[in-house]
Every structure is written in C-alpha cells, then in structure tokens.
Amino acid sequence: MIWVGWRQQRLETAIAAGVLLALAAVAIPAGVHMASVYAHEHLASCVGNAESSACGLATGSFQTRFVGVNLLFTWSTLLPAVAALLLAAPFVLDLDSGTYRLFWTQSITRRRWLAVKLGFGVIALAAVTGGLTVLAMWARAPLDHSGGRMGSSAYDAEGIVPLAYGLFVFGIAVALGALWRRIVPALLLAFVAYVIGRAFMDSWLRERLLAPVKSTWQLAGQHGPNLDRALVIDQFLSDKSGTRIATAFRPCGSTSSGFLTHTNAVCAQPLARGAHAYMTAIYQPASRFWELQGIEFAIVAGIGALLVLLAAWWTQRRVA
Amino acid sequence: MTAALETRALGKRYGSNWALHECDLAIPEGSVTALVGPNGAGKTTLLQLAVGLIAPTTGTIEVLGHDARAEPLHVLPHVGFVAQDHPLPRRFTIAETLKLGRELNPTWDDALAERRIAELGLSRRQRVGTLSGGQQAQVALTLALAKRPKVLLLDEPVASLDPLARREFLSGVLQAVTESGITVVLSSHIIADLERICDHLIILSRGRTQLVGAIEDILAGHRLLTGPRTSPGGVARVHDVIRESHTERQTTLLVRANGHVYDADWQLHEVDLEEIVLAYLGHDGGVAETEPAAVAAR
Amino acid sequence: MIEFHLETRSGVPTYLQLVQQVRQAVRLGILRPGDQLPTVKEVVEQLTINPNTVLRAYRELDLEGLVEGRRGVGTFVASGQPPLPPDDVKALRSSLQRWIDRARAAGLDDENLAALFADTVRPPTISRVA
C-alpha cells in the first residue's frame, strides 16, 4: 500500500513542492540581498534604539524598500492551504471516482488504506509547510529583526502556525470529501472555510488568545515601551490612568494599518497639549511569539486533527 | 456440496427502505451464478455485502465460511471483485495497475496478469484513462483474476460494454472457470446470453429472492400452458402458477410444475429462461417468500 | 476434430446440443474411434459457454460409452461403437406406430401427441427448485 499511496499522491506532492521551490527561487536571492543591505547599513544596531530618530528613519526606509519581500510572504501564507487542498485531493478523488471499491476489495484492510492515504497526506503537508517556515524564517530574518514577526506576513509564514493551517484545511477537505464524496465542492468549500477561519483568527481571535499588555506613559519626556516588534492592538491618547480621552485629535503620520508605531508617537508629541498628555498602548509583546503560536497551533491544528479523525471514522464505518 | 457464498436472513436497510430483505441462499462452489433483477432489486447490495463493502442490517453473509466484515483478511485474498463500472485509477499505466495488484495481494500471480494483458493486445505503458470501456473492464478483470481467487464477484460487468467486448469479457471469465474451477457470481439486468454462461440463477426483485436454483432444473420445471378461457384452479392445485393472463377466450399460464403436467385440456409449451425470468419479475410472488429458497441439492 | 455450434433459439439445453452433435458426428463417420474431441477450454473459448456445460456433455457421452476421457490427455471417441441395429429400429417404429394409432383413436391430435411424448421423455423435474 506504501507504493500505491505514494503513486497516487506524487503529482500533488510535486506540485506543492514546486510552488514552494518557486517561492524559494524568488525569496532566496531577495533574502541574500536584503541581508547584505541590512549588514552594510548596520541596521542591526538600530533595533531598540528609540533615542535616535535617524535610526528610526533608516529602519523605516529599510522596511519600505523591501516591502515587496513582505508582500511575497503575505501571499506565501496561502501555501499551506493550497498544499493541503492538493494533498487531500487523492483521498477525496478515490471516494469520488469509486476507486476506493477497488482498493477495499484487495487483500488489505480498510484501516490500512486509511492510515496510508491520510498519513501520507499529513506527512507531505508537514514537509511542505516546514519548508515554508524554514524559508520564511531565514529569508525574512532582517525584516523580522527590525520589524518583529507579529505581523501577518511573518507570523502566518513562520513557526508552527503554517502547519496548523495546513492541517486545518486538510481536515476540512477530507471530512467534506468523506461525507460528500464529491471532490470539487469539497475542495472549494474547504478553501472558503479556510479564508473565513483565517480572517477570523487574524483580525479578531489572535489578539485575544492571551490577555494583552496595557501600558501608559507621559508623552512629554517619557518613552513608552518599544512597540516596533509588538502586535499593537490599540493605541490612544489617555489620561494618567489610561482612560481614553475623547478627542477629535488624530496623530500625524498614522500608518495605513491603523496602528501607531513608536516613531509616530514621537511625531505626535508636539501636538499634545502640555505635559499632562498620556499615551496608552494595548499590545501583545514580541516575546509572546511562541506562546501565541503554541495556543493558535493547539486550536487550529486540533480542529484539523479532529476533522481528519472524523473523516477516517466516517469512511471506516459508513462509506460503502 | 459446500457453499461458496451463503446468507441467512440477510437484510440491508437504507433509511426506511429495505434494499435486501430476508434473503436466504447458498451458492455452490464451482458454479457460475447469475444474479438477475431490475435496477434497484438489491443485486449490488448483495455483492457489496458479500465482500464487506457494506455491513448487513440483519442476518449474516459468509463467503467461504467467513464474514468479510469481521475477518476481511480471511475473505478478501480469496475473492476477486469487479465493482459496477469497473473503477480503476485513471492516472496509472497498465504496468502500474498490475503493480498495485502485486503490492496489495499476497496471492498475486504475476505471470497470469502479464499473459492476460499480452493476450488483450494492450501495452504496459498505456494509461488506464486512455483505454476503452471494454479494455478497462478487461484490466479490472485481470486485477481480480490474478489474485487467484476462489470466488469471483462481478457487479453488472457487461452492462456498459458493446456486444463484442461483452463476449470477450465473458470469455475471459469462463476461461478462468475452466482453468481454476472458481465460483462466479455475476449480476446483470441483461438476460440474454446468461443461459450459456451460467448454470445457476438467482432472481431478485424489490429486495427479495424470487427464485433460486440450477438453470437446468428451472428450465425443466417450468411450462407454459394455453387453453380455453378458464380459471387456473385445477392446475393451481397441483402446480405453482407464476403468471396467468387471459384474453376473452383463452387463458395462458406459466407454471412451476410439480410432476407431470400433461393434460389434454391444455396445450403444453417449453419456455426459455428469459420468459421465466420476466414472469418472476412481474410476479408479486408469495412463492419464494413462503418457503425459503434454496439451491437445488444434487 | 469437430467444431460445435449452438442454436440459441432451439430451446434444447446447451449440453444436449453438444451431446447430439457428437452422436451425429459419430453416426455419420465424421468422428472415428480414437479421434479426440475439442478440449473443454477450446469449446469454452469458441462458444463462450459455461465449462460446466461442456463437462456435463462429455460426462454424459462417457456414460453412454460413446467417448472415453483419458486423464490429463483429453476426451476420445471410444472404439467399437455398435451402430444401432436396423432391426431394433424397425421394431421400435412399429410399436410406436401402434401407440400412435391408439392415441389418435382416443382423440389426440398431432400437437397433443408431440406434447405428451415430450412430457414423458423429459418430464418437468421439479420440486428441487425452491
């Protein structure tokens, strides 16, 4: 069954690996170039150096200059989902085309067929998402070093979360495939479920996985925490206790993401009224990267694993 | 005579609908049995139950003395099964399809498989997806036969084939019967040809067995009577009337005879298998239901 | 060697058609003592019929003494086939003629005669079905 499982899945595995290689072909030269620029301009020493506005500007311009790489990895976060759909296809295709009746009437148990088909899918998926993680963590190193890796293009491509989303999509696809035995609607619906699930996680649930840190500081004279690398959930003018001051005031240089970075806060300073103005930030510090990844992995991969088991159970018991 | 396939009070229900109900039958080893009936009669259900693809709702089914659900590895290696529309992985080449059979079956006979492929005039490099329906059916049969099965189950094997491909497919099956004496059960809703291929017959209709027996006995045991219009009372007291039809002046009876049927009041005709099958399929029949059908013991 | 053919519409059971064709061939001298009959496999391939049918026909011929099966070799026409003695046929025919006359006198027409004959020669053997 090992050979059969591999033979039925090798095309899909090759396509997924091909997408990863294409990504690497762009990301590796870009990463090498980026690393040399980063070293050449001594930007590493700027990180966390909030005193120097020159440093802030240099870091900002570095981030702007390589926004393309950032964008590439933003799109690369789709790879686990695409790979999962591809690798779920051989399993669902057997059920759709009726060839499962052929396999189940050879001299093997249904359990063995399930173990090989689903097991091979998960193994190949882990290899592809692992490859993405390694590539992203290596190529993005300078960007992550200066800008942190709490933003989606880093967070969703690094660590263990890519594998979690891969498993999530794989689970949905095989479960729908087992129940429905129609490949096209099963894979389409799995992708839609992925988009909804990830949008929900990225925009709402992730910042609530752990109670965020709230920090308040005086605008005049005091420096707040370094938020460059953090996941900033909210930042606003406040009184000393951190209560939001209702005002029409909008700080200058508001970034498109809606979050104020440390540099923006500096820019807002002259506009603040006197020494009594305070700034409050609610954020997940960069140090919580692995903790957040762990929790998110447990939730998302857990759902995926349960769905894979559901698909296996249903196929074992109900499918004829 | 031992049974290759035996069911007891076998039933399979889907929702509130019995696909197969109270089915008791035994198929003798070495026989070639036709399973006939209209679409939805329960033929596929019976074959899938035999090989364990589905589980019975009631009763038991055993192939070579084992339950395929409970002990798949006691049944599957000895059973060749070709599902309806003979599904095969379309992306595989023929060589890969044979490798599949070799990988998944401990009793695989590679020489037999290769010889059959060569005899069919197929190239090992051809992809299954590019073959004609008849060729795909032959490849599926090769996969089933190279397991060296004791029992071969074929679900509507020739329904989608043209007459020539049908003849070639059945010829392949019969050669295997000649060489290895395997038991064959094939379902079909096409009655023509069955008489020369099969020696036993099971008629299924609406999930129930209507008639089970050796074809020779079935043919010998049925007669068509025609005579002036009358009620079949006298005949029905002695024989089982399977079908009766009347015109204004004439009565026609198809009977299952219990002993001599000669009667000067009736014209006596032999009936062919097709007519008998059709009569049973149109028959609301209490016959097979009142007494459990059993294969003729010889 | 002879080649079998089937008449699917004749209503005569397949095995009986094979038996009759061998008998006929022996009677006509097409098959002589020692000649081999086609193997079961050859007949199956040629006619696409159930091998059990062929075996059944050969077994029947063997019982009649018309052929003899040699294990592992094949089936051969037995030597010393006694042709039907012409006197016997004459005697049989005359007694059949007497029987027919009696049946006609009893009011049976030709079709009824044939039906009664067929019903007696090959009675519906039932009861074994279901």
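This is a short tour of a three-chain model, stop by stop, for you to follow in your viewer.

Keep in mind that the model is predicted, so local features here need pLDDT of at least 70 and side-chain atom pairs count only at pLDDT 80 or more, while totals for chains, interfaces and linings use all residues. Residues are numbered from 1 along each chain as its sequence is written, and chains are lettered from A and ligands numbered from 1 in the order in which they are written.

**Stop 1: chain A as a whole**

Select chain A and colour by secondary structure. You will find 12 helices and three strands; helices (H or I, at least four residues) and strands (E, at least two) are DSSP runs numbered from the N terminus. Of the 320 residues in chain A, 40% are buried. Buried means that 20 or more other C-beta atoms lie within 10 Å of the residue's own, exposed means 12 or fewer, and partly exposed is in between, with C-beta atoms placed from the backbone. Take the contacts in chain A with a separation of 6 or more: 83% of them are between residues 24 or more positions apart. Two residues are in contact if their C-beta atoms, placed from the backbone, lie within 7 Å.

**Stop 2: a helix pair in chain A**

Now select residues 79-97 and 110-139 of chain A, which are helices α4 and α6. Two packed helices are described by the angle between their axes and the distance between the axes. For α4(A) and α6(A), the angle is about 160° and the axes are 9 Å apart. Axes are lines fitted to C-alpha atoms, for helices over the stretch in contact, and angles run from 0 to 180 degrees between N-to-C directions. The two helices, α4(A) and α6(A), are therefore roughly antiparallel; angles over 145 degrees count as roughly antiparallel, under 35 as roughly parallel, 65 to 115 as roughly perpendicular and the rest as oblique.

The crossing of α4(A) past α6(A) is right-handed, meaning that the near helix is turned clockwise from the far one by less than a right angle, with anticlockwise giving a left-handed crossing. To see the contact, show side chains on both helices: α4(A) contributes residues including A:L79, A:L87 and A:F91, and among those from α6(A) are A:K117, A:G121 and A:L132. By type, the contact of α4(A) with α6(A) has 13 nonpolar residues, two polar and one charged. Here Ala, Val, Leu, Ile, Met, Phe, Trp, Tyr, Cys and Pro count as nonpolar, Asp, Glu, Lys and Arg as charged, and the others, Gly among them, as polar.

**Stop 3: where chain A meets chain B**

Bring in chain B. The contact takes 17 residues from chain A and 21 residues from chain B. On the chain A side, the elements giving two or more residues are α1 (2-40) and α5 (99-104). That side of chain A divides into seven nonpolar, eight polar and two charged residues.

Zoom in on α1(A) and α3(B), which pack at about 145° with axes 8 Å apart. Pick A:W3, A:V4 and A:R7 from α1(A), then B:E96, B:K99, B:L100, B:E103 and B:L104 from α3(B). This contact has four nonpolar residues, no polar ones and four charged.

**Stop 4: inside chain B**

Select residues 133-145 of chain B. This is helix α5(B), whose 13 residues reach 18 Å from first C-alpha to last, close to the 18 Å expected at 1.5 Å a residue; the expected span is 1.5 Å times one less than the number of residues. Is α5(B) mostly covered or uncovered? Mostly covered, as 11 of its 13 residues are buried. Among them are B:G134, B:V139 and B:L145. The buried residues of α5(B) pack against β5 (79-82), α3 (94-104), α4 (110-119), β6 (151-154) and α6 (163-180) of chain B.

- B:E22 is in strand β2 (residues 17-28) of chain B. Its phi is near 45°, a positive value in a residue other than glycine. B:E22 is partly exposed, with 18 other C-beta atoms within 10 Å.
- B:L64 is in the loop between β4 (58-63) and α2 (72-75) of chain B. Although not a glycine, B:L64 has a positive phi of about 55°. It has 19 C-beta neighbours inside 10 Å and so counts as partly exposed.

Then go to B:I218 in helix α8 (residues 215-220) of chain B. B:I218 counts as buried because it has 26 C-beta neighbours inside 10 Å. Draw a C-alpha to C-alpha distance from B:I218 to B:R256: 8.4 Å, across 38 residues of sequence.

**Stop 5: chain C**

Finish with chain C, which has five helices and two strands in the order α-α-α-β-β-α-α. Of its 130 residues, 25% count as buried. Which chains share the most contacts? Of the two pairs in contact, chains B and C do. Chain A and chain C do not touch, and their nearest C-alpha atoms are 26 Å apart.
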